[in-house]
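These are my notebook entries on one structure. I record below what I looked up, topic by topic.

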Amino acid sequence: MTTAIERWTGDDPYDARLALGATGLLRTFNEAGVLTAADVHVACRTADIVGEDDETVRLAVALAVRAVRQGSVCVDLDAFGTGSSGAAAAPAVVPAVQGGTGTEPDLLPWPAAEGWLDRVAASPLAVRSVVRADLGLLYLDRYWREEQQVRDDVVARLAVPAPDVDEPLLEQSAARLFPGDAYAEQRAAALSISRRRTTVLTGGPGRGKTTTVTGVLALLAEQAERTAGRRVRIALAAPTGKAAARLQQAVADALGAPPEVGGPELTADDRRRLAGLRAGTLHRLLGRRPGSSTRFRHDRSNRLPYDVVVVDETSMVSLTLMARLLEAVRPDARLVLVGDPDQLASVEAGAVLADLVTGLGERDADAVAALVTDHRSESTAITRLAAAIQGGDPEAVLAVLTEGEGAVELVHPDDAAGLAHLQDELTRHALDVRGLALAGDAAGALAAAERHRLLCAHREGPWGVEHWNQQVERWLGEASGAYLGAAVGARWYPGRPVLITANDYGLGLFNGDTGVVVAEGENLRAHLDGGASFAVSRLGDVETLHAMTVHKSQGSQAEAVTVLLPDVTSPLLTRELFYTAVTRARRRVRVVGTPDAVRAAVDRRARRATGLAARLRG
Ligand SMILES: Nc1ncnc2c1ncn2[C@@H]1O[C@H](COP(=O)(O)OP(=O)(O)OP(=O)(O)O)[C@@H](O)[C@H]1O
């Protein structure tokens, strides 16, 4: 085995992750913390049904189930087996968790890499399409089909003849909407998007993605009106409610903003043509189908009725959701996938945006438009920090963090004064939000909540969300002379920031929506970003949001951000996590962690095994 491997650890003989009935190889790998009970059970059940008793094949299937659980779409057995050369599409490269009770992964009886996948490919499990061996990788059937479908739909979209455009009009409007050298990069991207059916538009924070999208929409609306005499039908979507609300606000701001001197000029006609543009979640766009979480109302037989579909924060879109989106978009519609491929990938399996950028980019370079110029002047230190993380140079990252420009700082976890300062700031921030919420000022409380965000890698443990939520509630309670928080039986209180954790189509609530609980007379109401409000008794799946995970923070930003880096042994500590956390901040970033944790974060990649890039290339 050439790859470090993430394991669970524990010394409880009744741990639910232990598969008590397991035998042989699966038992050994389960006890070592490599496989969970669920991985073992799925492998055993499916193998039993087809009568497959080769233990190495069963182990391979269990590793494929495990891979999906960890965000990969498939597993590269070659990277695990002994005598392997360590293939490129390696499984998640993460450190072995120290102090496990079981055998160290390197000492486990891994099958020889040579011939392992071939045995699986010849097994009745592959013959009956339970698993698929393809591209040297092993897939569970569903993910293989989805990856194939995404590839086929993307390639089919590339083969559709280019849309008709009035070139002189396009050139003229592009020069008006993206004037001069300052907008040259965005103008080129906008022209390319306008002339194609499918484009991926990439760029980090502040690279001008929203400005480009707004300008493109104005170009296309003008083309539709002047050449076809009709309104262009536009859908704007993002994977979470929060990201959709942010997109909506950004587009509304761009449409409403007075033209800057030398900047883009949206005419009254542009504004009229785009008036009323609204953004929503991808789930809402595709339409719920009762009884199914993976199928939607709009699909291949009931396409979306839009000429242009723009998806923001595409890095958060899983393989499954991308498959559903691609089958629902009309083949002749323009599809613009916008995002930052350096961010963390989707919570569910896949790394679709990154795969599209590499795979599609190699197939058809014009299909990927990259914006690289930073237009944000608010904090150059944050920009430099993000660039240093992207560049993968730990010492450069530490240098930016310790230069002490005020906008970025590094606090050692043993620095008592630094932590006391953090406590003060968190308490003051929570008190501000509470004061406004007690006064019934919902808009003020929502705006105040956005001023600072505390981000953790983990949910549990001393550097996890649960601990820090309780901690802030205790400090807030002490400072305001009240008992606050679920820990003291007061789950709902004015000033409680909340995060919705499940979609509720009835109430129009989406996983990722955020808000604040506000006092209204005797009653408590949760006011959400985006305008809706509900009596707190109507909300089911909610968490407190004094702290949140970096994963959940994707698609949102705050004035200031504090990032709590976990210990170097944490498998979550990766470059993508660190970059995503830091780029949530608009003006100030405080990183709490040891220099070694910073180095480890920059050095480790959160790689996911997928075959999409290779499929798109081929
Ligand atoms: N070419 C440009 N010249 C000067 N300022 C620009 C240019 N393009 C965009 N801006 C300004 O830079 C800021 C960031 O632009 P924009 O919101 O389009 O970027 P973004 O990539 O969408 O950022 P985010 O990822 O944070 O949403 C905005 O204030 C915008 O007005």
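**Entry 1: strand 21 and its partners**

I began with a pair of valines: Val563 stands opposite Val591 in strand 21. The model is a predicted one. I then looked up the strand that is joined to strand 21 here, and found strand 20 (residues 558-564), which runs parallel to strand 21 with 6 bridges between them.

I asked next how many residues of strand 21 are buried. The count is 7 of the 8 in residues 585-592, so strand 21 is largely enclosed by the rest of the structure. As a reminder to myself, strands of a sheet pair through backbone hydrogen bonds, either parallel or antiparallel.

**Entry 2: the nonpolar core**

I looked up the largest nonpolar core and recorded 187 residues in it. Ala64, Leu138, Leu385 and Val582 have the most contacts inside this core. Helix 3 (residues 55-69) supplies the largest share of the core, namely 10 residues.

Beyond the residues up to four places away in sequence, Leu385 touches Val397, Val400, Leu401, Val408, Val582 and Val589.

**Entry 3: Phe29**

I located Phe29 in helix 1 (residues 24-31). Is Phe29 buried or exposed? I found 26 other C-beta atoms within 10 Å of Phe29, and Phe29 is therefore buried, the threshold being 20 or more. Setting aside neighbours within four places in sequence, I listed its contacts as Val34, Leu35, Leu59 and Leu108. I also looked up the separation of Phe29 from Val40: 11 residues in sequence, and 9.2 Å in space from C-alpha to C-alpha.

I turned to an open sheet with 3 strands in the order 1-3-2, paired in the antiparallel sense. Strand 1 (74-75) and strand 2 are at the edges with a single partner strand each, so one side of each has no neighbour in the sheet. Helix 7 (residues 141-159) packs on this sheet and touches strand 1, strand 2 and strand 3, its direction making about 105° with that of strand 3. Helix 3 also lies across strand 1, strand 2 and strand 3, at about 70° to strand 3.

Between strand 2 and strand 3, which are antiparallel, I recorded 4 bridges. Within this pairing, Arg132 stands opposite Tyr139 in strand 3, and Asp134 stands opposite Leu137 in strand 3.

**Entry 4: two residues with positive phi**

Strand 2 and strand 3 form a hairpin with 2 residues between them. I looked at Leu135 in the turn and noted a positive phi of about 55°, although Leu135 is not a glycine. Leu135 has 18 C-beta neighbours inside 10 Å and therefore counts as partly exposed.

Ser129 likewise is not a glycine, yet has a positive phi, of about 60°. I placed Ser129 in the loop between helix 6 (124-127) and strand 2 (131-134). Ser129 has 10 other C-beta atoms within 10 Å and is therefore exposed, the limit being 12 or fewer.

I then looked up an open, antiparallel sheet of 5 strands, with the order 17-16-15-14-18. Strand 17 (533-535) and strand 18 (542-544) are the edge strands, each pairing on one side only. From one strand to the next, the twist averages 35°.

I recorded that helix 19 (residues 442-449) packs on the sheet and touches strand 14, strand 15, strand 16 (523-528) and strand 17. The direction of helix 19 makes about 145° with that of strand 15. Strand 14 (residues 497-500) and strand 15 (residues 514-520) are paired antiparallel over 3 bridges. Leu499 has Thr514, in strand 15, as its bridge partner.

**Entry 5: the surroundings of the ligand**

Which residues come nearest to the ligand? Of the 14 residues around it, I noted Gly208, Lys209, Thr210, Thr211 and His375 as the nearest. The shell comprises 4 nonpolar, 7 polar and 3 charged residues. Helix 10 (residues 209-228) gives the most to this shell, with 3 residues.

Terms used
Residues are numbered from 1 along each chain as its sequence is written. This is a predicted model: local features need pLDDT of at least 70, side-chain atom pairs count only at pLDDT 80 or more; totals for chains, interfaces and linings use all residues. A nonpolar core is a set of buried Ala, Val, Leu, Ile, Met, Phe, Trp, Tyr and Cys residues joined through C-beta atoms within 7 Å. Two residues are in contact if their C-beta atoms, placed from the backbone, lie within 7 Å. A residue is near a molecule or strand if its C-beta atom, placed from the backbone, lies within 6 Å of it. Ala, Val, Leu, Ile, Met, Phe, Trp, Tyr, Cys and Pro count as nonpolar, Asp, Glu, Lys and Arg as charged, and the others, Gly among them, as polar. Two strands pair if DSSP finds at least two bridges between them. Axes are lines fitted to C-alpha atoms, for helices over the stretch in contact, and angles run from 0 to 180 degrees between N-to-C directions.
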